[in-house]
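This report concerns one protein structure. Please consult the sequence and the model shown below.

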Amino acid sequence: MKTSPAIRIEGGLFGPDVFEALTAGDLPGQQAADFGLPARRSLTDEIAAAFNDARTLWGVFQNRLARLPDDDPATSLTPRCLGDPLPRPAGL
């Protein structure tokens, strides 16, 4: 198995072969087309873009949350800032 300092396998739920197949792109359901993307688009780039969008939305949420009165539970702010605008995976 190739070493990956970011992944530490504990227990037996996923064996080293699963991670090797994942990094090689050999697992079913892990191609761009499986997520409704054209094959020419990189799934890794799409994931990175979605993460950056979520991180930006989190910053907006934190700024707006800081301006709320202390007794406001932010029940309407939370879905408005985080729930609705977040990108949805294909098919969900």
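The sections below treat the basis of the model, its nonpolar core, a residue within a loop and a salt bridge.

## Basis of the model

The model is predicted, and local features need pLDDT of at least 70, side-chain atom pairs count only at pLDDT 80 or more, and totals for chains, interfaces and linings use all residues. Residues are numbered from 1 along each chain as its sequence is written, and side-chain values use heavy atoms, with hydrogens and water left out.

## Nonpolar core

The largest nonpolar core contains 6 residues: Leu57, Phe61, Ala74, Leu77, Cys81 and Leu82. Such a core is a set of buried Ala, Val, Leu, Ile, Met, Phe, Trp, Tyr and Cys residues joined through side-chain atoms within 4.5 Å. Two or more residues of this core come from each of α2 and α3, and α3 gives the largest share, 3 residues. Helices are DSSP runs (H or I, at least four residues), numbered from the N terminus.

Phe61 is in contact (heavy atoms within 4.5 Å) with Leu77, Thr78, Cys81 and Leu82, leaving aside residues up to four places away in sequence.

## Ala74 in the loop

Ala74 lies in the loop between α2 (43-66) and α3 (77-83). Its phi is near 65 degrees, a positive value in a residue other than glycine. Ala74 counts as buried because its relative accessibility is 4%; buried means under 20% relative accessible area, exposed over 50%, and partly exposed in between (1.4 Å probe, protein chains only).

## Salt bridge

The count comes to 1 salt bridge, defined as a side-chain nitrogen of Lys or Arg within 4 Å of a carboxyl oxygen of Asp or Glu. Arg41 and Glu46 form a salt bridge, with their closest N and O atoms 2.7 Å apart. Glu46 is partly exposed at 26% relative accessible area, and Arg41 is partly exposed at 35%.
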